[in-house]
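Hi,

Here's the structure I said I'd send over. Have a look at it first, then read on for my notes.

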Amino acid sequence: MTTGLEQKAHRLVELARAGDDPSAAQLLSLHGAVAARVAAQGAIAASGTTATGKVAAAGALMKGLVVASAIATGAAGFFALQGAEPPAPAAVMPTPVPRPSAVAPTPRPPEPAAAVPARETEASTPPNRVLKPAASLRLQDEAALLAEVQGALRSGQGNVALAKLESYDRRFPTGMLRAEADAARVFALCSAGRVEKARAAATRFVQRYPSSPAAARVQAACK
Amino acid sequence: MYESCAKLVWRNLRRLGVPEAALEDAAQDVFLVVHRRLPEFEGRSSLRTWIFGIVLRVAARHRRKARGMLVRETAIPSELGQALSAPAHEGPFERTLHHQATALLHRVLERLDDERRALLIMVDLEQTSVAEAAEALDVNLNTAYSRLRAARRAFETELSSLLGETPK
């Protein structure tokens with residue numbers, strides 16, 4: 001018996017394994033709601049109602065999102081670019097929809113979240129430690145640097161943008177906003193008149209992030 | 001990727017006893033925590049296991065909130081026990097059977113203590129390795145194995161009792 005359960009129990013587990021999956025409609029509804037709450041949370045963080053590191057970190061991420069999406073797509077968001085992440089706040093990004101329950105569920109402390117006592121006796125809410133400053137700061141730095149890239153692009157300084165992107169690559173080789181940096185590079189190369197390189201970078205971008213909402217814009221760069 | 005995560009989150013919230021009416025809220029909470037804490041994910045466990053850890057905590061919170069909420073207990077059809085001893089086959093009743101089995105699974109899981117429930121879900125339902133489950137529950141590997149054995153025996157006992165059989 002593969003599961004180490006006796007026959008009936010084993011069969012029950014086999015029969016019920018897929019029984020709890022959500023329906024397509026439930027998934028869709030969840031997707032929209034999460035996007036709205038992510039956006040709302042960003043708004044809360046930005047308005048500074050809470051001073052904890054957690055929320056500040058969410059704010060940093062949202063700042064990153066806004067910066068990044070401005071670079072990459074104008075409105076399309078960050079999640080769609082990042083394979084391993086939750087849904088795309090894309091559609092909702094410009095208009096945060098605050099709702100009462102947007103109050104952040106209190107997460108447990110930092111640490112590799114793997115360490116999770118399953119006991120319900122966790123009723124005694126765990127101490128609300130602040131997010132590792134390093135993670136939050138790094139994200140803020142990433143977002144700030146990409147904002148500079150965006151500024152350079154807006155003022156037509158493609159070479160400046162490229163230099164800043166090189167510095168981004170050096171400082172954040174595994175950055176959270178990697179996809180945004182890759183998209184920005186395409187526009188920077190165009191702006192600097194390096195069309196061939198821009199096209200090659202655009203092709204790589206589309207291969208790497210095929211489902212990104214920025215893909216079409218990136219491909220249309222230099223045209 | 002998002003879709004498989006969403007399914008993982010949803011089905012395990014259900015198994016962990018979050019009532020139907022609170023499922024979407026709970027799933028949203030999980031994703032907000034995931035979203036916020038993703039920068040801390042260090043790849044020490046798989047992403048699925050990491051998310052499962054968050055699901056456990058959010059489920060506990062929602063269960064507490066829902067305490068006192070009227071939860072309808074699904075009746076267990078008398079023929080279900082027999083169907084479980086029959087060999088697997090795809091027939092016209094298979095769909096109903098899946099449905100009934102899922103309801104029964106919830107009834108059994110609900111009778112286990114939290115740690116046993118979590119272990120059984122991770123290892124036997126989600127087919128996570130015992131090593132990963134041990135890491136998620138913060139116990140050492142030997143402990144996880146012996147608790148898993150105990151969880152399986154408890155699962156079988158509760159199943160028998162729900163089916164009206166004398167436990168072996």
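Below is what I found, going from the whole chains down to single residues.

Before anything else, keep in mind that this is a predicted model.

**The two chains**

Start with chain A. Of its 223 residues, 46% are buried. If you take the contacts in chain A between residues at least 6 apart in sequence, 58% of them join residues at least 24 apart.

Chain B also reads α-α-α-α-α-α-α-α from the N terminus on, with eight helices and zero strands. Here 45% of the 168 residues count as buried. For contacts in chain B between residues at least 6 apart in sequence, 66% join residues at least 24 apart.

**Helix H7 of chain A**

Which residues of H7(A) are buried? They are A:Ala198, A:Ala201, A:Ala202 and A:Phe205. Looking down the axis of H7(A), you'd see these buried residues fall within an arc of 105°, so they line one face of the helix. Here's the background for that: an α-helix has 3.6 residues a turn, so residues three or four places apart point the same way.

On the face of H7(A) turned away from the buried side, you'll find the exposed residues A:Glu196 and A:Gln207. And what do the buried residues of H7(A) pack against? Their partners are helix H6 (178-191) and helix H8 (215-220) of chain A.

A:Phe205 sits in helix H7 of chain A and has 23 other C-beta atoms within 10 Å, which is why it counts as buried: the cut-off is 20 or more. Leaving out residues up to four places away in sequence, A:Phe205 touches A:Asp182, A:Ala183, A:Val186, A:Ala215 and A:Val218. Take A:Val218 from that list: it is 13 residues from A:Phe205 along the chain, and their C-alpha atoms are separated by 7.8 Å.

A:Arg199 is in helix H7 of chain A too, but with 17 other C-beta atoms within 10 Å it is partly exposed. In sequence, A:Arg199 and A:Lys223 are 24 residues apart; in space they are 10.0 Å apart, C-alpha to C-alpha.

**Helix H5 of chain A**

Buried in H5(A) are A:Ala161, A:Leu162, A:Lys164, A:Leu165 and A:Tyr168. Seen down the axis of H5(A), they fall within an arc of 165°, so these residues line one face of the helix. The face turned away from that buried side of H5(A) carries the exposed residues A:Glu166, A:Arg170 and A:Arg171.

**How H1 of chain B packs**

Two packed helices are described by the angle between their axes and the distance between the axes. H1(B) (residues 2-15) and H2(B) (residues 23-37) pack at an angle of about 125°, with their axes 10 Å apart. That angle makes H1(B) oblique to H2(B). The crossing of H1(B) past H2(B) is right-handed. On the H1(B) side, B:Val9, B:Trp10, B:Leu13 and B:Arg14 meet B:Leu23, B:Ala26, B:Ala27 and B:Val30 in H2(B).

H1(B) also packs with H3(B) (residues 47-66), at an angle of about 35° and with their axes 10 Å apart. H1(B) passes H3(B) in a right-handed crossing. Here B:Cys5, B:Leu8, B:Val9, B:Asn12 and B:Leu13 in H1(B) meet B:Arg48, B:Ile51, B:Phe52, B:Val55 and B:Ala59 in H3(B).

**Two loop residues in chain B**

B:Gln127 has a positive phi of about 55° although it is not a glycine. You'll find B:Gln127 in the loop between H6 (114-125) and H7 (130-137) of chain B, and it is exposed, with 10 other C-beta atoms within 10 Å.

B:Asp138 has a positive phi as well, of about 60°, and is not a glycine. B:Asp138 lies in the loop between H7 and H8 (141-162) of chain B, and with 14 other C-beta atoms within 10 Å it is partly exposed.

Notes: Residues numbered from 1 in each chain as written. Chains lettered and ligands numbered in written order. Predicted model: local features only at pLDDT ≥ 70, side-chain atom pairs only at ≥ 80, totals over all residues. Buried ≥ 20, exposed ≤ 12 C-beta atoms within 10 Å, placed from the backbone. Helix = DSSP H or I, 4+ residues; strand = E, 2+ residues; numbered from the N terminus. Arc of directions from axis to C-beta. Contact = placed C-beta atoms within 7 Å. Axes fitted to C-alpha atoms, helices over the stretch in contact; angles between N-to-C directions. Parallel < 35°, antiparallel > 145°, perpendicular 65-115°, else oblique. Left-handed = near helix turned anticlockwise from the far one by under 90°.
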